[in-house]
Amino acid sequence: MKKHIAIVGAGVGGLATAARLGSRGYKVDVFEKLPRPGGRAHIIEDAGFKFDTGPSFVLMPSFFKEIFDYCGRDLSDYLHLAPLDIHYKIFYPSGKELVIYRDSEKTKAELEKIEPGSSRQFDRFLADVGDMYTSVEPLLYKSFTPKALCNPAYWSLLWKLKTHKTYWRLAHDFFKTDELVYAFTFEAMFIGVSPFHAPAFYSVITYADHVQKVFHPLGGMYQIPLNLERLGREFGVEFHYDSEVTHIQYRRQPALSVHGQKEQFDIAVVNADYAYAQKTLLNRMLPKYEYSCSVYLLYLGLKKKIKNLEHHNLFFAEDLDKNLNEIFHEGVVPADPSFYVHVPTVTDPLMSPPGKDIVYILIPVPNLETYQGQFREYEPRLRKLVFEKIKTVIGEDIEDLIEVEHRFYPEDFVSRYNVYHGATFGLAHTLMQSAFFRPPNRDRRYKNAYFVGCSTQPGEGLPPVIASSRIVADLIEQS
Ligand SMILES: Cc1cc2nc3c(=O)[nH]c(=O)nc-3n(C[C@H](O)[C@H](O)[C@H](O)COP(=O)(O)OP(=O)(O)OC[C@H]3O[C@@H](n4cnc5c(N)ncnc54)[C@H](O)[C@@H]3O)c2cc1C
């Protein structure tokens, strides 16, 4: 008889693992503390506005296709991933703007306006990073331990992946102006690390963005967890919401404590935040990990449509070096923040009532390990700064247009999703917490305990989290 598997958490990692294992005939029960699936990829619905609260970029669409293929289904029966013609718009403090298009020729014309000669460098940069991508992609579906480094096959890879360089340094080899180096490294913030600190091989994210393009699931990002849950249900997976697991005990088999009762399973897969789960669910001491930054989020439903913003917009700080230092080293709320503005209604007007817009603002801030103060003290200053910068672009004060508003603080990542230190993107993607050195997907001590999600291998972001569910499903199938 196939084994009975418990999954702790219905984030994208838990949902994807449940669907895969369900499709292979396992009996699967998912326990989620919140009333709905999605975890960090959640939704707030208010007055006809559908606010996706977490991810907003769909990159690497092949990873989304892979999970549906694995389950014998067709992605297009579940999700419609629409390509964006304008990937994003960057607003520099100098007043310059840079638009990144799906059509690379149009992007090149934009780059030339900022740095003459950069369109050729753009091709060279993508060719160089493309080689890395080809080496990295198959590894994303594999689990490693540091022992793998004894295998000489991986030694040449370390060189190929330029592990001696940072994300920033690599882009600097190709572009001269800080403006373009920023434009080709800001994606490091997608994984919650500074481009000055992230290893060069994460520039595969920049490659994915420019070469594989940027997509939006029609209906909003929440369609992703919703349809993964639907996929699981089709294979008999049972979902238990409002069901927080308070402890996991391992003897021969894992036993989960839920609603004051202990229930035994053959296998447990933990999707809850890795550091939180090690400490709280398994009562283990944590090694000295480095954590990603946190974010402060505003979800605004506007009374009317606004002008001049695209689906994705980035506003860069005057002094990016200082801004990143404040977030990652000094642990203070940035004086002049870089921030991201998401207006999904540019592409998907049905996400708001007719004639209205959604504006989601994300400001990277220190996590709660480095930042011990009261974030709310700085909030009015931060809001004012951000609203003023947006006003220079849309020509009106966004505050006057707000019909509905929701806010999300670093502390909310802890209270809502049990994210350790409110580190939005989990364990930081430093060199020593990447690949072989990132927590593995199978527990080192208990052979029937597995971990899936953004702080495990291969890492942070929806495509890697989906890949981590594949790693876990393969390990269980082989066990
Ligand atoms: C603001 C933001 C912006 C982002 N932008 C992007 C983007 O543009 N593109 C992209 O690809 N990625 C993006 N990401 C990253 C992406 O959303 C995450 O990598 C991914 O959603 C993490 O999924 P997960 O399954 O690892 O973890 P989680 O989403 O954290 O899921 C874990 C689940 O476990 C539950 N849980 C915790 N403890 C317990 C317990 N004790 N018992 C039961 N359940 C429990 C939690 O409630 C949660 O539902 C973003 C994330 C955030 C927050």
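Visitor: Which residues in H3 meet which residues in H4?

Guide: Lys108, Leu111, Glu112 and Ile114 in H3 meet Ser118, Ser119 and Phe122 in H4. Being in contact here is a matter of C-beta atoms, placed from the backbone, lying within 7 Å. The labels are DSSP runs numbered from the N terminus: helices are H or I with at least four residues, strands are E with at least two. Before we go on, note that this is a predicted model: local features need pLDDT of at least 70, side-chain atom pairs count only at pLDDT 80 or more, and totals for chains, interfaces and linings use all residues. Residues are numbered from 1 along each chain as its sequence is written.

Visitor: At what angle do the axes of H3 and H4 cross?

Guide: Axes are lines fitted to C-alpha atoms, for helices over the stretch in contact, and angles between N-to-C directions run from 0 to 180 degrees. For helix H3 (residues 104-114) and H4, the crossing is roughly 125°, and the axes come within 8 Å. To put a word on an angle: under 35 degrees is roughly parallel, over 145 roughly antiparallel, 65 to 115 roughly perpendicular, and the rest oblique. H3 and H4 are therefore oblique.

Visitor: How do H4 and H8 pack?

Guide: Helix H4 (residues 118-136) and helix H8 (residues 204-212) have axes 9 Å apart and an angle of about 110°, so they are roughly perpendicular to each other. H4 brings Leu126, Val129, Gly130, Met132, Tyr133 and Val136 to the contact, while H8 brings Val204, Thr206, Tyr207, His210 and Val211. That contact has eight nonpolar, three polar and no charged residues.

Visitor: On to sheets. In what order do the five strands of the open sheet run?

Guide: Strands pair if DSSP finds at least two bridges between them. Here the order is E9-E2-E1-E13-E19, with parallel pairing. Strand E9 (238-240) and strand E19 (449-451) are the edges, each with a single partner, so one side of each has no neighbour in the sheet. On average, neighbouring strands of this sheet are turned by 20° against each other, direction ignored.

Visitor: How many bridges join E1 to E2?

Guide: Five, and strand E2 (residues 27-31) runs parallel to E1; Ile5 has Val28 of E2 as its bridge partner. With E13 (residues 267-270), strand E1 (residues 4-8) pairs over four bridges in the parallel sense, and there Ile7 is partnered by Val269. E2 also runs parallel to E9, joined by three bridges, with Phe31 opposite His240.

Visitor: Which hand does the β-α-β unit of E1, H1 and E2 have?

Guide: To read the hand, point the strands away from you: a clockwise path from the first strand over the helix to the second is right-handed. The unit of E1, H1 and E2 is right-handed.

Visitor: What about the seven-stranded open sheet: what is its order?

Guide: E7-E6-E15-E16-E17-E14-E18, with mixed pairing. Strand E7 (97-101) and strand E18 (402-408) are its edge strands, pairing on one side only, and neighbours in this sheet are turned by 15° on average, direction ignored. Strand E6 (residues 86-91) and strand E15 (residues 312-315) pair in the parallel sense over three bridges, and Phe91 faces Phe315.

Visitor: Which residues come nearest to the ligand?

Guide: The shell counts residues whose C-beta atom, placed from the backbone, lies within 6 Å of the molecule. Of the 35 residues around the ligand, Gly9, Gly11, Gly13, Gly39 and Gly453 come nearest. Helix H1 (12-23) and helix H14 (462-478) each supply at least two shell residues, and H1 gives the most, with three. By class, the shell has 17 nonpolar, 12 polar and six charged residues.

Note on methods:
Ala, Val, Leu, Ile, Met, Phe, Trp, Tyr, Cys and Pro count as nonpolar, Asp, Glu, Lys and Arg as charged, and the others, Gly among them, as polar. Two residues are in contact if their C-beta atoms, placed from the backbone, lie within 7 Å.
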